[in-house]
Amino acid sequence: MKQHNKSSIIVIVGLLVITVLAAYTFFNMIKDQIFFESVDQVESVETLNVTLEEAAKKQINNYTSQQVSNKDNTNWRDASDAEIKDAMDSSVFMDDERQKYQFLDLSKYQGIDKNRIKRMLYEHPTLLNHTDDFIKAAKKQHVNEIYLISHALLETGSVVSELSNGVEIDGKKYYNFYGVGALDEDPIKTGAEYAKKQGWDTPEKAIDGGAKFIHDHYLSHEDQNTLYSMRWNPKDPGEHQYATDINWAKSNATIIADFYKDLKTEGKYFNWYVYKGDTKHQDGKNY
């Protein structure tokens with residue numbers, strides 16, 4: 001009888017151990033879907049030697065057209081002086097939980113957990129299969145992984161879907177995950193030809209090569225590695241900018257902020273631009 005009880009106890013303990021291990025494994029698999037992961041933010045502050053009014057005046061007098069669209073992006077017009085100034089007002093954006101992403105340093109790899117990245121790619125099987133390649137490319141080429149993958153996700157229409165699956169040229173497939181070099185008149189042909197020129201004959205080469213392209217063409221300027229500085233170049237207002245839409249940085253910050261929210265985490269590296277006279281943000285923190 002005692003032997004029987006002892007055996008029963010051993011079985012029960014064994015089952016409890018297995019149950020605990022299974023629960024622990026399951027918890028680790030789903031915890032990133034339940035809990036928000038906060039990070040220790042690293043901030044740098046660029047105190048500018050011009051006021052917002054002075055910078056806006058330089059921008060308004062710039063030789064390029066400053067455009068604003070209606071809500072449907074179907075009609076464009078020249079932005080008013082007041083609209084340009086409002087779109088440049090960093091003091092407002094720094095205090096906004098979504099618009100603070102205008103100041104995310106896009107040239108720094110963050111190291112977000114791979115399971116969270118997979119959630120970002122879940123509805124895109126072709127991209128999901130290359131999660132490790134995206135992470136590796138972001139780290140190697142010095143690109144924030146959310147920004148890098150968003151380039152691929154925002155280009156996942158039929159054109160890039162075909163390019164990411166490979167387009168055959170002269171009996172060999174070439175890949176393009178970001179639509180680099182894909183021109184409107186024939187995006188598949190031109191995107192594939194660009195991939196061939198770059199030697200992107202494997203998905204891994206295309207993901208890494210495209211990441212290098214994004215870094216070299218958008219993030220290589222030390223003073224323009226945030227959405228805000230790419231659009232407004234606050235250290236040299238009115239010069240070398242990446243868009244004419246005055247809401248370009250705002251729109252893209254919203255997209256990136258929503259990606260972070262979906263992944264239940266937040267950005268780590270921020271570069272704040274503080275205009276002369278903005279006494280509230282001299283330490284760079286968003287309140």
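**Salt bridges and burial, talked through**

Student: What makes K140 and D208 a salt bridge in this predicted model?

Tutor: The side chains of K140 and D208 come to 3.4 Å, N to O. The cut-off is a Lys or Arg side-chain nitrogen within 4 Å of an Asp or Glu carboxyl oxygen, so K140 and D208 qualify. K140 sits in helix 7 (residues 131–141) and D208 in helix 11 (residues 203–219), so the pair ties together parts 68 residues apart in sequence.

Student: And why is the pairing of D170 with K196 called a salt bridge?

Tutor: Here the closest N and O atoms are 2.9 Å apart, and the limit is 4 Å, so D170 and K196 count as well. D170 is in the loop between strand 4 (167–169) and strand 5, while K196 is in helix 10, so this pair ties together parts 26 residues apart in sequence.

Student: How do you know whether D170 is buried or exposed?

Tutor: Exposed means over 50% relative accessible area. D170 has 71%, so D170 is exposed.

Student: Why is S107 called buried when it lies in a loop?

Tutor: The label comes from accessibility. S107 has 16%, and the buried class is under 20%, so S107 is buried. Its loop runs between helix 4 (90–93) and helix 5 (114–121). The S107 side chain also makes a 2.6 Å polar contact with the side chain of D105.

Student: What makes A243 buried?

Tutor: A243 is at 19%, so it counts as buried under the 20% cut-off. A243 is in the loop between helix 12 (227–232) and helix 13 (248–262).

Student: Which residues make up the patch of negative charge on the surface?

Tutor: D184, E185, D186 and E193. Take E185: patch members need over 30% relative accessible area, and E185 has 64%, so E185 clears that mark and counts as exposed.

Notes:
Residues numbered from 1 in each chain as written. Predicted model: local features only at pLDDT ≥ 70, side-chain atom pairs only at ≥ 80, totals over all residues. Heavy atoms only, no water. Patch = residues over 30% accessible without salt bridge, like charges linked within 9 Å, V, L, I, M, F, W, Y side chains within 5 Å. Areas by Shrake-Rupley, 256 points an atom, 1.4 Å probe, with all protein chains shown as cover. Lys, Arg positive; Asp, Glu negative; His and termini not counted. Charge placed at Lys NZ, Arg CZ, Asp CG, Glu CD. Buried < 20%, exposed > 50% of the residue type's maximum accessible area, 1.4 Å probe, protein only. Helix = DSSP H or I, 4+ residues; strand = E, 2+ residues; numbered from the N terminus. Polar contact = N/O pair within 3.5 Å; in protein donor to acceptor, adjacent residues only side chain to side chain.
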